[in-house]
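Dear colleague,

Please find below the structure that I am handing over to you.

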Amino acid sequence: MTPEEVGRRVVALLTPVEATASVSGGQAHARATVDVPPAAWADTLRAVRDDAELACDFFDWLSAVDELADGFDVVVHLWSTRHRHGVLLRTRVPRQTPTVASVVDVFPGAAWHERETHEMFGVDFTGHRGLAPLLLPPEFEGHPLRKEFVLASRVAKPWPGAKEPGESEAGGGRRAVRPPGVPAPGEWGAVPAPAGPVTVGDRAAARAPRERPARPAPGARPPRTPGPGAAGDDPAATARPAPDGPGMSDGPARGDQAGDEGGTA
């Protein structure tokens, strides 16, 4: 079945439930994507699994997407080992009460995925009896994959290197850019501070931009003068005669000295 046919089949199975089918991706990665209401979440997965034409019997993954004021999209990908096609099922829950039914009874392998989604996004799965922390320590507060979660490590240390325009410690004419995940000054903390200029690290903020000197026009450069210690300025170097050849010197050779000593002995 093509992605379009898979989507139409899912919508037909869910009638009279309102469902919208579309296609995500393209070419070999195209997938039928069906949006369903939260109340029909578990029934949709069961219908897609049990239908003979779809037979999506393999649970691949489940996660969520933070859509800010619109809430959270809970997404699951299922695959048919018999027909070799897949489907993405998606439902949206409100941000104030992010709750949807658990599908562990339909696909037991969804247990860990629901625990991770609950831990990272704060989505509750009704009927899941073990939503304990999976990846984070028990004392951790907050949900790290929510878009309003402050990345504390970005605040504690400067953004490394010149990854973004204006973030190099060498300075420059570009303005500093706030690292991703860090709110503007005064927008977070127990006592909000007044908003001020955006800085990236103390060293980068304290160092003023440097200006490069203007290059002289072609032909306007002054002639170079030899520095002190050059051969042309040393009178002793000009007074010494140059040797006649390699290995020549003013004194007698070592062999001559030996011959003289041997002759007088």
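**Confidence and overall make-up**

The average pLDDT of the chain is 77, and 58% of the residues reach a score of at least 70. The pLDDT falls below 50 over residues 189-206, a stretch with 18 contacts in the model beyond near neighbours in sequence. Residues 251-265 also have a pLDDT below 50, and that stretch has one contact in the model beyond near neighbours in sequence. Please bear in mind throughout that this is a predicted model.

The chain contains seven helices and seven strands. Read from the N terminus, their order is α-β-β-α-β-β-β-β-α-β-α-α-α-α. Of the 265 residues in the chain, 26% are buried. The accessible surface is about 17,800 Å², with 55% of it belonging to carbon and sulfur atoms. When contacts between residues at least 6 apart in sequence are considered, 50% of them join residues at least 24 apart.

**Strand β4 and its two partners**

Strand β4 covers residues 72-79, and eight of its eight residues are buried. In a regular strand, side chains alternate between the two faces of the sheet. In β4, one side carries F72, V74, V76 and L78 and the other carries D73, V75, H77 and W79; both faces are covered, and all of these residues are buried.

On one hand, β4 pairs with strand β3 (residues 58-66), to which it runs antiparallel and is joined by eight bridges. On the other, β4 and β5 are paired in the antiparallel sense, again over eight bridges.

**Residue T91 in strand β5**

T91 is located in strand β5, which comprises residues 86-93. Why is T91 counted as buried? The reason is its relative accessibility of 1%, because a residue counts as buried when its relative accessible area is under 20%. A polar atom of the T91 side chain lies 2.9 Å from the backbone oxygen of V36. Leaving aside residues up to four places away in sequence, T91 touches V36, P37, P38, W41, F72, D73, V74 and V100. Of these, F72, D73 and V74 are themselves buried residues of β4.

**Helix α3**

Helix α3 consists of 12 residues, 110-121, and at 1.5 Å a residue it should span 16 Å; its end C-alpha atoms are 16 Å apart, so the expectation and the model agree. The helix is mostly covered, with nine of its 12 residues buried. Those buried residues are A110, A111, E114, R115, T117, H118, E119, M120 and F121. The elements that cover them include β3, β4 and β7 (124-126). Just after the helix, G122 adopts a positive phi of about 80°.

**Backbone features in the loops**

Most residues other than glycine have a negative phi, and most peptide bonds are trans. The following places depart from that pattern.

- The peptide bond between T15 and P16 is cis, with omega at about 10°. P16 belongs to the loop between α1 (3-14) and β1 (20-24).
- Q27, which is not a glycine, has a positive phi of about 55°. Q27 lies in the loop between β1 and β2 (31-35). Is Q27 buried or exposed? Q27 is exposed, because its relative accessible area is 81%.
- R84, likewise a residue other than glycine, has a positive phi near 60°. R84 sits in the loop between β4 and β5 and is exposed, with a relative accessible area of 57%.

With kind regards

How values were computed
Residues numbered from 1 in each chain as written. Heavy atoms only, no water. Helix = DSSP H or I, 4+ residues; strand = E, 2+ residues; numbered from the N terminus. Buried < 20%, exposed > 50% of the residue type's maximum accessible area, 1.4 Å probe, protein only. Polar contact = N/O pair within 3.5 Å; in protein donor to acceptor, adjacent residues only side chain to side chain. Contact = heavy atoms within 4.5 Å. Pairing = 2+ DSSP bridges. Areas by Shrake-Rupley, 256 points an atom, 1.4 Å probe, with all protein chains shown as cover. Expected span 1.5 Å × (residues − 1). pLDDT = per-residue confidence, 0-100.
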